[in-house]
Amino acid sequence: MNLSEEEPLQRLIWLRDRLHYHNHCYHQRDDPEIPDAEYDQLFAELLALEGQYPQWITPDSPSQRVGAAPVNRFAPVQHGVPMLSLDNLFREGDLREFDRRVREGLGHQEGIVYVAEPKLDGVAVSLLYRQGFLQRAATRGDGQVGEDVTAQLRTIAVIPQQLGGKGEIPGVLEVRGEVYMPLAGFEQWNEAARQRGEKPFANPRNAAAGSLRQLDAKITAERPLRFFCHGLGHWAEGAMPDNHDAILQQLQAWRLPVCDLWERVVGVEGCWDYYRRMEARREQLPYEIDGVVYKVNNRAERQRLGFVARSPRWAAAHKFPAQEVSTLLLGVDFQVGRSGVLTPVARLQPVQVGGVMVANATLHNFQELSRKDVRLGDTVMVRRAGDVIPEIVGVVQARRPPEAVAIALPQACPVCGALVVQMPGEVAARCAGGLACPAQRRERIKHFVSRRAMDIEGMGDKLVDLLVQTALVVDVADIFFLAEHRQQLCTLERLGEKSVDNLLLAIETAKQRHLGQFLFALGIREVGESIAQNLARHFRSLEQLLVADEEALEGVADVGPVVAAHIRQFFQESHNRAVIQRLMTIANTQWQRMPAAETPLENRPLAGKTVVLTGTLHTLTRQEAKARLEGLGAKVSGSVSQRTFFLVVGEEAGSKRQRGEALGIRLLTEADLLSLLDTGNVPADWEQNAVS
């Protein structure tokens, strides 16, 4: 029977049952079976039905409770003040309705002062301090009773065992906040888990919850957990400020970590503006947020507004569009990359993910497809973050139909029909057709002209497809002879004379790329940007590299036997040699020589230093700046930490700049960077003032 056609009471009973089950999966097993967005839809439907039929509301309804009962493996903790959940807002209209209720409750016409904060996707916890010392830590549990995780919380380095700093500390102080796992730590932990043959975590929230519920606190200590506090439960034997913004400042003064993205905003327009700015910054943050939280700033006004069964009337969570949703897997295609690797791509029943309609998602490789046990006909969880290609993160096993079909690795290339091979010890399966396979040829050319390689502006994927289709470009060397075919280029679809002239100018400019970029552009297996730069600095010319044997190649930083074998094999292949010989005949190129790296790496001015680039640079591309910094011995990282020696700040720098300022990292402008690169001199006081 279709549940949506049952009587309202039967539907309401079903909703309660499913929500209880999913609460258990989420809060006790740390293994949710449905995305948050789907849970929110079920919960919203329950609230709507209970609003229509209030006589059917029961004390055990999910609408009257928070989360799920605590796990019996941990000692129970009775919360002195309940840890309530927040009502969810999903649209601008919901926000305006929330603000209207607050204004009516306080008798205000306008101008309510709120504090707006990011809503971290983590685990809510309570920290109890007595006389400034951490005495007990607990999870939220069902809001009334949580789990004692004191030993586990003590392992999180950012949580102070003793409060200090400025201001008199109450004798009893209960601090509330969120334990989370930063994205970088989450990725590193999952990669290590895969290498150990263990099941990786589905998302950072699950990772944080699973880490806290380890009975052995030593295991928790191994996990890269962090904590932000966002408010108070209760306090005694002392006073606290009357406004929430002042409370956050006081908590920070006592050396408790507070997210520095909170703001004091006024009225519904201030809230809406904050929401849009946080949504735009979401993908640049080093941790996951799934919305923002609005709280009435004044404590006296909060008391006047009061509470409903499971949430305060003075606060609400405004959720971002879902980044993880469920949908049906209709089929799997295999795409062929430039090195012949077959990548499984899922064909999905189209679904909105993060505000974008998604019909395809990557499965990375066949081993990942098998590990996740993805089958045709499954209901799968699809995730999309920013501009990242959507991926399938898991299967909803409870919805697997009996006729679900396992997916087999193709025996032949779907493009050229050549044999598909998988070498022992390798994850990737490859087409054996090599450059005879049109797909590999096309993808190699796309890589060669890409921004991080030869950076030929205007030569996008569609133009490359067209040039290959018309046989104007068969290999990468043909690109530099396109000027001989100018008239034919002008006849191609969407290419006029001005576009062709701009393209030819971009190709001419690409002749000035340095040897490191050129080597990376060749697409040699296992040779990324860093190794390409090391090869260029070591051999200084393409001629010297072409004659190097594997022993000489292994003398280059980061080049081991496997990479050396790949490089040697690439340059020995007759087709590659022919292409390279044609490229070497091109006049006015810089690919054949680089300045000598006379100074050993350990003696260079930035040897052993980690630096970070953020924002837009105008004089150099990000890749050029990275290459030149590495030439001075630096390691260029993508994330700011206490080990960062300096941070180069370009235009529109975002969260990395804020984190650098918070950590006291030295900030360099683009002019400072150019001066450093030109002189190679690192001021002595930089060493003295560096963060240890």
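**Asparagine 203 and what follows**

The side chain of asparagine 203 comes to 2.8 Å from the backbone nitrogen of asparagine 206. Before I go on, note that this is a predicted model. The side chain of asparagine 203 also reaches the backbone nitrogen of arginine 205, at 3.2 Å. Where does asparagine 203 sit? Its place is in the loop between helix H5, residues 183-195, and helix H6, residues 204-212. Asparagine 203 counts as buried, at 11% relative accessibility. If we leave aside the neighbours within four places in sequence, asparagine 203 is in contact with Phe186 and Glu324.

Next, the charged pairs. Side chains of opposite charge can pair when their charged atoms come close. How many salt bridges does the structure hold? The number is 33, and I will pick out a few.

Take arginine 264 and aspartate 245, whose side chains meet in a salt bridge at 3.4 Å, N to O. Aspartate 245 is buried, with a relative accessible area of 13%.

Another pair is arginine 383 with glutamate 288, a salt bridge at 2.0 Å, N to O. Arginine 383 lies in strand E16, residues 379-383, while glutamate 288 lies in the loop between helix H9, 267-281, and strand E10, 289-296, so the pair ties together parts that are 95 residues apart in sequence. Are these two residues buried or exposed? Arginine 383 is buried, at 17% relative accessible area, and glutamate 288 is buried as well, at 15%.

Arginine 375 forms a salt bridge with aspartate 373, and here the closest N and O atoms are 3.0 Å apart. Arginine 375 is partly exposed, with a relative accessible area of 27%. For aspartate 373 the value is 27%, again partly exposed. There is also a network: Glu97, Arg100, Arg101 and Glu104 are joined by salt bridges that share partners.

Now the cysteines. A disulfide is a covalent bond between the sulfur atoms of two cysteines. A search of the whole structure finds zero of them. The cut-off for a disulfide is 2.5 Å. Cysteine 413 is buried, with a relative accessible area of 5%. For cysteine 271, the closest cysteine sulfur is in cysteine 259, at 16 Å, which is also too far for a bond. Cysteine 271 is buried too, with a relative accessible area of 1%.

Last, helix H13, residues 461-469. Which of its residues are buried? They are Leu463, Val464, Leu466, Leu467 and Val468. An α-helix has 3.6 residues a turn, so residues three or four places apart point the same way. What covers the buried residues of H13? The cover includes helix H12, 438-449, helix H14, 486-490, and helix H15, 497-510. Just after H13, alanine 471 takes a positive phi, about 65 degrees.

That is where I will stop.

Note on methods:
Residues numbered from 1 in each chain as written. Predicted model: local features only at pLDDT ≥ 70, side-chain atom pairs only at ≥ 80, totals over all residues. Heavy atoms only, no water. Buried < 20%, exposed > 50% of the residue type's maximum accessible area, 1.4 Å probe, protein only. Salt bridge = Lys/Arg side-chain N within 4 Å of Asp/Glu carboxyl O. Helix = DSSP H or I, 4+ residues; strand = E, 2+ residues; numbered from the N terminus. Contact = heavy atoms within 4.5 Å. Polar contact = N/O pair within 3.5 Å; in protein donor to acceptor, adjacent residues only side chain to side chain.
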